[in-house]
Each structure stands twice: as C-alpha cells, then as structure tokens.
Amino acid sequence: MTAAAPAGSPAGPSGSAPGDGGGPAPDGSADERLVHRSLPARLMRRPELGAVVGAIALFVFFSLVADSFLRASSLSTVLYFSSTIGIMAVPVALLMIGGEFDLSTGVMVTSSALVSSMFSYQMTANTWVGVGVSLLVTLAIGFFNGFMLTRTKLPSFIITLGTFLMLTGLNLGMTKLISGTVTTKSISDMEGFDSARAVFASTLTLGGVDVQITVVWWLALIVLATWILLRTRAGNWIFAVGGGVDAARAVGVPVGRTKIGLYMGVALAAWISGQHLLFNYDTVQSGEGVGNELIYIAAAVIGGCLLTGGYGSAVGAAVGAFIFGMANKGIVYAQWNPDWFKFFLGAMLLLATLLNAWIRKRAEVTR
Amino acid sequence: MSDGSDEKAGAAGDDRAQPLVELAEVSKFYGNIRALQDVSLQVHTGEITCVLGDNGAGKSTLIKIVSGLHQHDAGAFRIQGEDVRLGSPREALDRGIATVYQDLAVVPLMPVWRNFFLGSEPVKGRGPLRRMDVDEMRRTTHSALLRMGIDLRDVDQPIGTLSGGERQSVAIARAVHFGAKVLVLDEPTAALGVKQSGVVLKYVAAARDAGLGVVLITHNPHHAYLVGDRFVLLKRGSMAAAYEKSGLELEELVRQMAGGSELEELSHELGR
C-alpha cells in the first residue's frame, strides 16, 4: 500500500479544519514519504482562499478609487450590508455543502417578518410572542422543505422553487387579507418592541465606531457554523451527504435527518434576518425578498462552495457576503452609477468560480 | 454436483458450528420479476463464502438482502440462528454485518480519517461542547490501517486521491476495526488491475484471519478460488451450484462460471 497515490481525483480536502491541510504529518503518523508542504501549498487547499484573495483585491481597489471608503462610518455601512447577506449565506453554504439548494430563502425572510408583525398586531400581544410564533412558523417551513425533499426524492431545486412561489403568493395574499394593504401596520408602540429592537436591530458603539447588531449575529453564526462543520459529528455527516450520499447511507449516516436539519438551520437564519427586517423598519413590505435567494447562493459559491456539494466552508461564504457588501457600497462611495452593481456582481461570480476551480486544480498538483 | 443437492447435504451436516449468517431458500420478487429464488448459503467464522455469477444473476439482490437495503419475500434469513428481517443498513451494522460496496464505499472528497469514522464518530465533551475527538480519530485511523498492513502516508488526504484498491482496503479495515462479524464485499476486485486485485484479496484474507465471516461477491472464479472456502453459483436468480473448497478444482469452477456447456457451444460456433 505504499504505491504513490495517483493524483487527478476530485478537489481538495473537504474540510478546512486547522491541520486538515496538514503540514508535516499529524501526530503519531510522521512519515518520511510525506513531503513537507509549504505554507502557500497548505493555504491553497483551503476552500475559501479564492474569496479571500478577491476580497483583498476589492478592498484595495475601492480604497484607491473611493476616498471615503476607508472612513470608519463607511466601513461600518459595508459591514452592515455584508451582515444582512452573510447571516443567510452562512447556513446556505452549509446546505450547499450538504448537496442541496434552497430557493425559498429570500421570501422566507419576508414571511418570517410578516408572521411576527401580523401576529403581534392582530392579537395585540407582546411583540415577543409574535417573534416566538414566527420562529415556530419559519422552522416549520424549513422542516417542510427538508421533509418533502427526503420523502419525495425530488430535486431540491423543484421542491424549494415550489416553496418559493407558494410563499411569494402567501406573503402578498395573507398580508392583503389581514392588513388590507401590501404593508403591515406599525407595531412600534406595542409592548416589547423596544427590547426586541435592541436584540435584532440596534446599533452598538465599539471604540467610537457604530456597529450594527446584525454584524454580531453574523459573526456568531460563522463561529457556530464552523464549529458544527469541522468539529461535530453532524458536520462530518453534512460533508458526507453532500459528497457521497449513497456511501453515507451505507455506513449508517442519518441522511434524511441531516438534510432536514440543514433546511431548519437555514430557516433559523431566515428568522433572524426577518426579525431584523421588522424591527429595523417597523413595517414590512410583503413583496420583498424575491431574488435575494440567488444572492445568498452566489455568496456561498464565491466563498468556495461546490454546486455539486461536499466541499466548501462557512468562513468562505461569509467572505463572499463581505465581497457583496464591499461591491454594493463601494460603487456608491466611488460615486458611480449603482445601476452597474448587478453587472459587477455577475462578473465577479464568474471570476471567483473560475479562480476557485483553478486554485483547486493547482492545489491537487502541488500536493 | 448441481442444483442445490450439495447444499442440502451441507445443511444437514450442521452439527459443526452455528453459521454466523444463513440464508435458507430465500426468494425476492420485484413485482412480477423473480430476482432471486430459493438461494441458500452459509457464512462461518473465519471462512470466506464466495458468491459467483454473471451480470443479472442476482448477486446484487442477494447483497441488498444481507446488508439490510431490501427484505426477502420468502425463505429464512438467520443471523446466529435467529430469524431476522433487516429494515435498514444501520440495523445490519448493529447486528455486525458490514457491507463494502464497489463504488460507494467512501466519500471521495473527505479526508481518510473522516471517512474511516463516518457514521461512528467518537465524541468527547458534553452539552454544547460535545465534539468529535479529532486527534483520536486521526491516530486511530493510522494505527488501525497499519494493523491491517495498510501503510498510508497521510490520513488527511482526500480519500479520492487513493487508488481504487487502496479505497477498498480502507473500507475493509474500517469494517474490521468497528468489530464487524460478517463482512460483505461487493465485487471488490471488479474494476482493479491484477496487482491491485492481489492487494485487496490480501486484506480480505486478513479480515478472515481476524475471525470475520466474509461474503465475497465476484464474477472472477480465479479470485474466488484463491481465497474461498465455500462457493455458491448463481444463474438467472437461482442457485446453479454450491461447493466446498475440498474436492473442487479450479477448472470446474471456471467452467461452471464461464457458462459450462454454453461455453462449449460458443467455442463450437466460433471455431474455425
């Protein structure tokens, strides 16, 4: 079994665990045949490398062309916008590593906000009750997605496209039915609003810099997702169901439960986003959110997630979201026409994906 | 020497040890298609039972029943004398039956150590800090593979970068490590070259020597004859023959496997 392992097999390591990229062999397995890998070679094996390079390039670029970009207030705005995408992109990345899509995420955020707002208003209940009900409803939507997927064995593209359309209709229809308009009523004078706002939509001041609380939520989700992915059994299962579902099933991995759990994780993030939306603006537009699902997926892909599953990282998706944030706000600070934003993003998605593919190839060769 | 007469004799002489796994006249139907009919076989500790057959002979159906993916429709399936109907691969694993499939033994993108423990990861810590014991997993993977004679350079490499034979061997080592009593191997040498096949057969023998009962599915009589103790020949869903190693010549096995009289006919047709 000492024959040289042939290269040319699929991409790099599934994880980005510290040491997954292994320097000199891990403890207890020092081996003279294992050539010491240089730091760049080890970095090359990490899924988020392409995104990090892109983010640095973009940061330098906007620092040069937009004078106001480096101001603390501008960076705070960039971080805030990045966090609103990143909160969703991180669990979406986990789902994609698990080999599935979710097209219903954008409108699910809106649904979550609508449920919370309308329940509190109609029942004249404490807003926290609405927030709680919203959590249950949103998790139920996530469960529905996962359950339908594992039961029907249809592609997740179809299932969640169905959920997306249904939710889009429900959002509009129910809001009109209940509120009479396409916008929910203001709940700012209701009990519990202020404390809920403090949790979901407040601004912290750290060292003279304003930081939106969504940034804290975002960072917490990154840490949680990375922990789950790299250090828990569930993380091992996520990589496995995405990278080889039959092999995973054959060794006893609970494939169905893992996938349902992933969809519910996405739903949990949608709930956080939705509550932010509600408590930040007080009212909710029922038609909002359409199209955002693709932005989340794009951020995850820029961050190094394979569309086919089994490979990627939570940190990468977060960096992908940061790239979105920089591009979106940087264009404004550079005083360009923001109409070009989407074109810019599309080009960047292509570039990032090509870069990621190229890096993975190089990483295989230099191994 | 055909049509199960031999097998009946084997079943009668059951006073030796109780078989680990026993199929007695098991049948399986897919709708109105008879995939398997009245197939019997025994797997004993420290022995290799080879199941031979051409494509479509029912080998994979047999595997699926033993590994818990499908249930049999008739006959008896006994594990250590107890009648069972396995509902899932997990249940089969819990009863000590580990199956290594030809193509889907491992998840290619994952490192060797993650693959090795997939589905049975050791954990430490409690509550929210419950986590995989990563160091332990790396160490154990290396030493368990070494014990089977597999010397891997780096347990962190994606298992997809190993050769086909190495992947099979890792999967076998995994089954042995997790205390499987019965190892079911689905065409482990089918896609491999001569040398790689030899390597895999060596690990199959190592698993047998470790005291496991092995079911080796193959269509290569030469490989089967090298390691097998019992042989069951399937043809179009039913048992064409059953042999024990003693009193069986390789030529006879090859001839049976190659289609027996059909082959003679073919050689006449092709003869010039």
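Visitor: How many bridges join strand 4 of chain B to strand 5 of chain B?
Guide: This is a predicted model, in which local features need pLDDT of at least 70 and side-chain atom pairs count only at pLDDT 80 or more, while totals for chains, interfaces and linings use all residues. Residues are numbered from 1 along each chain as its sequence is written, and chains are lettered from A and ligands numbered from 1 in the order in which they are written. Helices (H or I, at least four residues) and strands (E, at least two) are DSSP runs numbered from the N terminus, and two strands pair if DSSP finds at least two bridges between them. Strand 4 of chain B and strand 5 (residues 82-83) of chain B run antiparallel, and the number of bridges joining them is two.

Visitor: Is Gln80(B) buried, exposed or partly exposed?
Guide: Gln80(B) lies in the loop between strand 4 and strand 5 of chain B, a hairpin with two residues between the strands. Its phi is positive, about 50°, although it is not a glycine, whereas most residues other than glycine have a negative phi. A residue is buried if 20 or more other C-beta atoms, placed from the backbone, lie within 10 Å of its own, exposed if 12 or fewer do, and partly exposed in between. Because Gln80(B) has 14 C-beta neighbours inside 10 Å, it counts as partly exposed.

Visitor: Where is Glu25(B), a residue with a positive phi that is not a glycine, placed?
Guide: Glu25(B) has a positive phi of about 50°. With 16 C-beta neighbours inside 10 Å, Glu25(B) counts as partly exposed. The place of Glu25(B) in chain B is strand 1.

Visitor: How are helix 3 of chain A and helix 11 of chain A oriented to each other?
Guide: Axes are lines fitted to C-alpha atoms, for helices over the stretch in contact, with angles from 0 to 180 degrees between N-to-C directions; those under 35 degrees count as roughly parallel, over 145 as roughly antiparallel, 65 to 115 as roughly perpendicular and the rest as oblique. The axes of helix 3 (residues 72-97) of chain A and helix 11 (residues 255-281) of chain A come within 8 Å and cross at roughly 175°. The two helices are therefore roughly antiparallel.

Visitor: How many nonpolar residues does the contact of helix 3 of chain A with helix 11 of chain A have?
Guide: Residues are in contact if their C-beta atoms, placed from the backbone, lie within 7 Å, and here those of helix 3 of chain A include Ile87(A) and Pro91(A), while those of helix 11 of chain A include Val266(A) and Ala269(A). Ala, Val, Leu, Ile, Met, Phe, Trp, Tyr, Cys and Pro count as nonpolar, Asp, Glu, Lys and Arg as charged, and the others, Gly among them, as polar. The contact has three polar and no charged residues, and its nonpolar residues number 13.

Visitor: How many residues of helix 12 of chain A are buried?
Guide: Just after helix 12 of chain A, Gly304(A) takes a positive phi of about 105°. Helix 12 (residues 292-302) of chain A is mostly covered, and of its 11 residues the number buried is nine.

Visitor: Which residues of chain B are in contact with Ala240(A)?
Guide: Ala240(A) is found in helix 9 (residues 233-243) of chain A, and with 29 C-beta neighbours inside 10 Å it counts as buried. Leaving aside neighbours within four places in sequence, Ala240(A) is in contact with Ala248(A) and Val253(A) of chain A and, in chain B, with Val107(B), Met110(B) and Leu118(B).

Technical notes:
Two residues are in contact if their C-beta atoms, placed from the backbone, lie within 7 Å.
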